[in-house]
Amino acid sequence: MMTARSAGLVGCPNCGRVHDVPAPGRCQRCGWRLPGHAPDRSLQRVWAWLFAGLVVYIPANIYPMLRTNTFGRTTESTILEGVVDLLHHGSYGVALVVFVASIVIPIGKFFAIAYLAISVERREMMQVHARHRLFEVVEFIGRWSMIDVFVVAILAALVQLDFAATINPGIAAISFALSVAFTMLSAQSFDPKTIWLDGDMRPR
Amino acid sequence: MTDQTPPLPEIDQPNRSALRNLSVVWLVPVLALAVALGIAWQAYSDRGTLIEIRFENGAGVTAGETTVRYRDVVIGTVEDVRFSPDLQTVIVEARVENEVLPFLDEDATFWVVRPEISTQGVSGLSTVVSGVFIEGAWDSRPEIATRSFDGRESPLFVLPGDEGRRITLNVSPGIQLQGGAPVTFRGIQVGRLEQPDLTEDGLSITVDAFIDAPHDQRITQATRFWDSSGFSVSFGADGLTLDVESLASLVTGGIEFDEVYSNGQPVEGDAVFEVYESEEAARASAFDVASIGEVPVAVEFSNYIRGLVPGTQVVMANDQIGEVTAVTVQSVEIADGSKQRLVVDLVLDPGRMGFPVGTGAEEVYEYLAEQVADGLRARLATAGLISSETRIEFAIDYDARPARFEVAADPYPVMPSVMVEQTNVNTTAEGVLERVAALPFEELLSQAIDTLASIEGLAGDPALRDVPEEVVALLTEARELVGGDETQAIPGEARAAVAELRGILAELREAGTIAALTSVIAQADEAMGPITEASAVLPEVMANLRALSETAAELEIEALITTANTVLASADAFISSEGMAEVPANLSASLVELEALVAELRAADVVGSLNTTLASTSAAAEELPALVERTDAVLTRINTLVGAYGARSAFMGETMDVLREITTAARSIAQLARAIERNPSSLITGR
């Protein structure tokens, strides 16, 4: 398969004007910054967002997600505690959903993005098509991680029954939301073109 | 995850440094890291310090949920509940805020607040739903902080920061008290009791009481505590008394206190007070500690007295001034052999007698000597109506024989005594009855009955009943005589007779008829006096009889009243009989008539015409003796009547005497009644 890069060409992402490689820093027609000029920057952003997401993911798991106040009793539960509680109560389905949405997907995303970022530099690890599919999955699934945050937000908004029952979001809810947002930004920052860079085109 | 900076690609601007190639986005994770670390640090520094509280049981204490509070503000949370290595205690580990940490010293205490419903009220109700919590209390002085505490099983009633004073009370086992029970001063709660506890020897109960400031100023040596719980029923001279304190103290028990005398010295240090069973006992105990000195005195009694034991009160004007210390019997030699006498040793407290602090024995003796000279004596008295409790009383006895206060006597100065019959209620009541019995009721009654019987006899005497009739008849006769034609004719006849008399004047002069007539009239005049006197006395008799009946009625003595009533009825019947009532009037009328007749006789120019009619009176002279005879008869009957009255006057004197006696007796009974009315206690006390 022939790529623009291998042909020594690069297209402007804005107007589509094709430049020769090595291209000028900017599009000669519209002045847009041409990709491939500094591919390291793109990867840097990926790593930075990923790192930020990881940092805030730690308190999201340590601190309580929900602060439930029932008849004067205050219960705080972290994400994992919530999952364990749900299991104890026999709600295996819900427990599974929460577990997948809150723990498996974010952690999977971290690994996936990290893998993609590394694989850009070491191209021999996976087929480009598979990597591209992985990227698409990560990007698609990213917003669904927010399901946990939505649940917390809805509960906190609805269950404000004063003394009988009150639910307030904990620090973890904010941290988790930030974590999801950061990983989404990280995925967004990833330039899928870099997967195809340098014409590493081994046939299947 | 390592920070792998991507390798720099070959670029056409090699002058760019690695640092400048870094994306600004890196600021985000750095910032996030900083924030996360910041939060972590804050959480770590804010999480407080772990303290250990040991409880006997951990009922309701849950790790992670149970809070630790101070003044009802959450200062921490229980983190762990575990056992001590020997499983004897429950160790609760709680993380408390660092803010309070410096105050958690030796005096800090913790207890578990549970819902409690008591007579003091409902407390800890919120813990029913929210679960128990651990309450802590400590004072406001930071001292050497510790991390390990012994928890209390029961709530602390007095918080360490409270201003006031802690005192210890000794309670006799009969008094029921509960922790938290109120300590009141004149009904106002000024403190609380803590949990009662047995003393080490197990014989009595000790309980700490905390008196809030500023009422703790009232705790002096004069302060006495007593059990105000329950109700007391007392029966005394004032009647039946029911005393109920507040309902709360009825159930949980309560302690009341007061100063039983003024100018109590402040109590220093840890004070221990006795709790008395009743207010009376507490007030009576004033002597126990109040003593500012003891002055020994002895009293001798000539006979043995029951109930006199060491500890017996010595009172003066109803205030205790001392107590008996010893009672000994001594044998003394007297003229005819030996005699037992009772020597009672007393101690007197000058403070209770009103002497200032520091008064020596000499001054007390001096005072007693003066008082003894004025009649102060020691005597025995009973403490109350029902009680047979004996006490020694110092009282002025004006009838006492002169005596001296023997200051020089050995071993103690001797106070003179007077014997008073033991005036307990039995002897007093007996004495009253004896005195009542000793009243000459029977004599009085028999005398009254006799008197009234004789009055009745007199009144019932037919002769006496005839008297008025006789008098009336007499007067009628007299009137008939006076109004009779013959009498009426007398003047005419007399005139004629005078004419006739003129002739026989000399004869007449010799006969002395006029003088005789005049003397007769004088006699009649004389006779009138007693009659008038008797008439004047009659109303007095009646008044006396009425007075008698009134006093007799007051006495309510049936026999007397009945007799008196019958007697008086008959006496009234007699007195109010028509004839009797008419007696004086008739008498006066007849006497007036008589007088008029005599005056007429006198004034009818008897003397003047005598001279002229002397000659013509010889005929009439024959009739004169008849006239004189009839006049004599009248006078005789008058005399008889007067004589009868005269005889009665002796009887009447007797009656009067008897009545006077009755009146006197009635008056003395009335006086006795009035005296009892004025001072009913004399009936009881015998004084």
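This is a predicted model: local features need pLDDT of at least 70, side-chain atom pairs count only at pLDDT 80 or more; totals for chains, interfaces and linings use all residues.
Me: Which residues in the largest nonpolar core touch the most other members?

Reply: In soluble globular proteins, nonpolar side chains tend to be buried together. A nonpolar core here is a set of buried Ala, Val, Leu, Ile, Met, Phe, Trp, Tyr and Cys residues joined through side-chain atoms within 4.5 Å, where buried means under 20% relative accessible area with a 1.4 Å probe, protein chains only. The largest one has 44 residues, and A:Met65, A:Phe176 and A:Phe190 touch the most other members. Among the elements giving two or more residues are H1 (39-62) of chain A and H2 (27-46) of chain B. H1(A) gives the largest share, 11 residues. Helices are DSSP runs (H or I) of at least four residues, strands (E) of at least two, numbered from the N terminus.

Me: How do the axes of H5(A) and H6(A) cross?

Reply: Axes are lines fitted to C-alpha atoms, for helices over the stretch in contact, with angles from 0 to 180 degrees between N-to-C directions. These two come within 9 Å and cross at roughly 145 degrees. Contact means heavy atoms within 4.5 Å, and A:Val149 of H5(A) and A:Phe176 of H6(A) are among the residues making it.

Me: Why does B:Ala108 count as buried?

Reply: Because its relative accessibility is 4%. B:Ala108 sits in the loop between strands E4 (90-96) and E5 (109-113) of chain B. Beyond its neighbours within four places in sequence, B:Ala108 contacts B:Phe103, B:Ala137, B:Trp138 and B:Phe149.

Me: What conventions apply?

Reply: Residues are numbered from 1 along each chain, chains are lettered from A, and side-chain values use heavy atoms, without hydrogens and water. Local features need pLDDT of at least 70, and side-chain atom pairs count only at pLDDT 80 or more, while totals for chains, interfaces and linings use all residues.

How values were computed: Buried means under 20% relative accessible area, exposed over 50%, partly exposed in between (1.4 Å probe, protein chains only).
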